[in-house]
Amino acid sequence: MRRGLRTRLLGISGKVLVGLILAFIVLPAFVVTLAAFNDRAILSFPPAKYSTRWFTRALTYRDFQTGLWNSLVVTAWASTIALGVGTGFAIALKRYSFRLKATLEGVLLSPLIVPHFTIGLGLLVLATGIGAARGFSVVVLTHVIVVLPFVIRSVYISLQNIDERLELAAASLGARPGRVLSTITLPLLAPGLVSGWLFAAILSFNEFTASLFVTGQATQTLPVAMYGYVREFADPTLAAVSVIYIAVTALALTVANTFLGLGKVLNVEQGR
Amino acid sequence: MLSKAADLSPPASLPGAAVTARPAPAVRLDGVVKRFGTVTALEETWLRVEQGEFLTLLGPSGCGKTTLLNLMAGFLEADAGEIFIGDDLVTATPPYEREIGIVFQNYALFPHMSVAKNVGYGLRMRGVPKREIAERVAEALALVKLSGFADRSPRQLSGGQQQRVALARALVIRPKVLLLDEPFSALDKNLRGAMQVELKEIQRRLGVTTVFVTHDQGEALSMSDRIVVMSAGRVRQVGTPDQVYRHPQDRFVAGFIGDVNLLPGRLETRAGERATVAVGGLRREVEAGSLGACAAGATVDVFVRPDHLGVRPAGEAGTLPARVAALVYQGSHIDLHADLHPDLAGGGRVVVRMPGHGALATYAPGTPVGLLVPQAGLVAFPPEP
């Protein structure tokens with residue numbers, strides 16, 4: 001009997017713990033969402049009166065509009081370029097052994113260690129030196145560097161899940177290396193490429209620290225515009241932007257899940 | 001090296017040359033060596049695979065059999081020696097130009113293609129017209145009895161069916177050589193036997209030269225025209241299943257192919273190809289070829305198959321004294337384990353395979369018995385160094 005009681009108590013406290021952890025994870029989003037609907041012009045919680053006027057302001061505020069557009073442009077370019085470059089590197093790292101391979105690997109993964117502000121500052125100094133400071137190309141380049149390790153990792157893991165014998169079988173059946181790549185390797189790699197691109201896009205869209213250094217008034221991305229806003233105003237507009245952010249990301253993931261299967265896209269399942 | 005090949009395969013323009021000379025083998029390895037770093041995976045190997053032959057590379061893992069297969073397929077490059085497929089020197093030819101078919105242990109079916117697309121892959125790579133591809137794919141699927149499965153995905157097939165698809169995919173390109181890399185080891189036991197019979201039937205019908213890699217001696221004995229027994233990167237013996245089973249050339253082959261007992265013996269006389277050995281009080285004639293440099297009076301190990309031994313009442317003339325240690329029920333037969341009398345060079349455990357189940361009632365552990373050693377079929381080797 002005692003034993004049964006103890007087991008039950010343990011079971012209940014386990015469930016409570018899991019519930020608390022989950023609550024803790026969604027808490028910020030919950031608080032911000034409520035704050036966004038606050039009618040008063042200060043960021044406070046809980047709101048006394050509800051309104052959607054901060055959403056209207058967020059959507060019509062000029063800096064946010066250009067910021068969103070800039071972010072979309074930078075994200076699209078950066079994640080696409082990173083995907084191309086990263087796939088090439090991932091294939092090279094997986095398939096070939098060459099001198100300085102370990103060094104190359106270290107350099108490619110170094111943005112995981114080097115702080116983003118260092119990358120941003122370095123590129124700012126460099127861009128100023130060649131007279132291209134605060135242009136779009138520098139912003140895109142910064143984002144490519146920041147997201148590249150994640151793309152390489154994602155593609156590399158997908159490559160590891162491809163049975164090398166499939167490529168050998170194709171070769172024995174008369175396929176030249178180029179055709180093995182186009183008919184076997186790349187189709188099997190597709191889920192990895194999609195997930196790599198998606199990771200890169202999410203990271204790039206949220207990137208703030210490095211962007212702060214390399215963007216100017218005309219090229220500022222949405223997170224930078226939000227930072228500029230919060231330094232001047234303290235109304236719930238930012239909370240409204242956050243809610244929009246969450247909604248858009250959730251929508252993108254839902255679409256990806258519907259058309260590709262989330263498990264596949266996020267590499268949770270092994271794509272066999 | 002090139003001129004040597006020309007010597008062996010007569011020019012086609014010579015009338016009658018093809019009749020008198022030995023036809024070019026389907027595959028020929030001339031002194032092929034493969035090293036991985038400092039490890040020699042395959043020592044210098046000379047081998048001929050005849051046209052239409054079913055040749056098995058047999059050995060434990062790490063013996064070099066898969067390396068040899070990969071060299072034939074072109075997945076690995078030889079460090080020395082030459083490889084010929086038919087009359088063509090292919091030592092440096094990439095796999096996509098060798099015209100070989102290969103079936104892997106895990107079948108390696110392309111998961112993103114239907115069964116028909118898998119089978120037709122090699123034909124598409126060769127630029128065969130669409131209509132002919134459809135015909136030949138249908139033919140190949142009929143050959144492996146999978147006609148209704150063309151539109152399925154490999155994922156929807158059982159292991160045996162996947163193997164048939166892999167076989168059809170390899171055969172549809174009409175390969176010069178079919179390479180099989182342990183194709184049965186992923187199948188369960190019942191299916192394995194049926195697939196072996198079926199594969200052998202297809203191979204015989206098409207007459208396609210086949211090189212089969214396995215570590216399973218039963219598979220090798222039942223399917224092969226010839227067996228190449230390998231260990232530690234070396235070819236130990238090449239011969240028909242009967243030759244390697246009944247006349248093993250060394251201890252490794254004797255021990256690896258089939259079950260075997262070791263009896264302590266002494267070499268009495270040796271003359272030409274024959275020799276006489278004494279086992280306890282018995283005298284038996286053996287072939288001298290396997291005895292190496294042993295001289296009369298030397299200790300030798302005498303190998304005998306469990307099904308060649310017999311059991312008699314203790315003390316019967318012409319038997320070896322032993323004591324029953326255990327009886328192991330095996331379904332179709334009984335394995336009687338017996339300990340030799342300690343006076344016989346320290347004794348030792350032997351296994352006697354007895355058909356039927358009579359032994360279970362007749363012998364109990366501890367019973368003294370006499371072991372009946374056959375007059376012929378013994379093989380003697382020098383003791384292990």
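This is a predicted model: local features need pLDDT of at least 70, side-chain atom pairs count only at pLDDT 80 or more; totals for chains, interfaces and linings use all residues.
**Entry 1: annotated stretches in chain A**

I began with the UniProt record. Its unreviewed entry gives the annotation "transmembrane region" to residues 12-37, 68-93, 105-130, 136-159, 180-205 and 238-262 of chain A. I then looked up two of these stretches in the model. Residues 68-93 of chain A are 100% helix and 0% strand.

**Entry 2: helix pairs in chain A**

Two packed helices are described by the angle between their axes and the distance between the axes. I looked up both values for two pairs.

I noted the crossing of H3(A) and H6(A) as right-handed. Which kinds of residue make up the contact of H3(A) with H6(A)? I counted 21 nonpolar, 5 polar and 1 charged.

The second pair is helix H5 (residues 116-129) and H6(A), with axes that come within 10 Å and cross at roughly 145°. The crossing of H5(A) and H6(A) is right-handed. From H5(A), the residues that meet H6(A) are A:His116, A:Ile119, A:Gly120, A:Leu123 and A:Ala127. From H6(A), I listed A:Val138, A:Leu141, A:Thr142, A:Ile145 and A:Val146. The contact of H5(A) with H6(A) holds 7 nonpolar and 3 polar residues, and no charged ones.

**Entry 3: chain B as a whole**

I turned to chain B, which has 11 helices and 20 strands. Along the principal axes, its C-alpha atoms fill a box of roughly 80 × 50 × 45 Å. Of the 385 residues in chain B, 41% are buried. I also checked contacts in chain B between residues at least 6 apart in sequence, and 66% of these join residues at least 24 apart.

**Entry 4: where chain B touches chain A**

How many residues of chain B are in contact with chain A? I found 18 residues of chain B in contact with 17 residues of chain A. Strand E6 (100-103) and helix H4 (115-125) of chain B each supply at least two residues of the side that touches chain A. That side of chain B divides into 13 nonpolar, 4 polar and 1 charged.

I then looked at H4(B) on its own. 8 of its 11 residues are buried, so H4(B) is largely enclosed by the rest of the structure. The buried ones are B:Val115, B:Ala116, B:Asn118, B:Val119, B:Gly120, B:Tyr121, B:Gly122 and B:Leu123. What do the buried residues of H4(B) pack against? I found helix H7 (164-172) of chain A, together with helix H5 (130-143) and H6 of chain B. After H4(B) comes B:Gly127, with a positive phi near 70°.

**Entry 5: B:Ile173**

I found B:Ile173 in the loop between helix H6 (159-171) and E7 of chain B. It counts as buried because it has 23 C-beta neighbours inside 10 Å, and the cut-off is 20 or more. Leaving out residues up to four places away in sequence, B:Ile173 touches A:Leu173 and A:Gly174 in chain A. In chain B it touches B:Glu99, B:Gly101, B:Gly122 and B:Leu123. I also looked up B:Leu58, which is 115 residues from B:Ile173 along the chain. The C-alpha atoms of these two residues are separated by 27 Å.

Most residues other than glycine have a negative phi. I noted two exceptions in chain B.

B:Glu99, which touches B:Ile173, has a phi near 55°, a positive value. B:Glu99 is in the loop between strand E5 (88-89) and E6 of chain B. Is B:Glu99 buried or exposed? With 21 C-beta neighbours inside 10 Å, B:Glu99 counts as buried.

B:Glu182 also has a positive phi, near 45°. I placed B:Glu182 in the loop between strand E7 (177-181) and helix H7 (189-206) of chain B. B:Glu182 counts as buried because it has 20 C-beta neighbours inside 10 Å.

Note on methods: Residues are numbered from 1 along each chain as its sequence is written. Chains are lettered from A and ligands numbered from 1 in the order in which they are written. UniProt positions are given in the numbering used here, feature names are shortened, and annotations may be inferred rather than shown by experiment. Helices (H or I, at least four residues) and strands (E, at least two) are DSSP runs, numbered from the N terminus. A crossing is left-handed if the near helix is turned anticlockwise from the far one by less than a right angle, and right-handed if clockwise. Ala, Val, Leu, Ile, Met, Phe, Trp, Tyr, Cys and Pro count as nonpolar, Asp, Glu, Lys and Arg as charged, and the others, Gly among them, as polar. A residue is buried if 20 or more other C-beta atoms lie within 10 Å of its own, exposed if 12 or fewer, and partly exposed in between; C-beta atoms are placed from the backbone. Two residues are in contact if their C-beta atoms, placed from the backbone, lie within 7 Å. Axes are lines fitted to C-alpha atoms, for helices over the stretch in contact, and angles run from 0 to 180 degrees between N-to-C directions.
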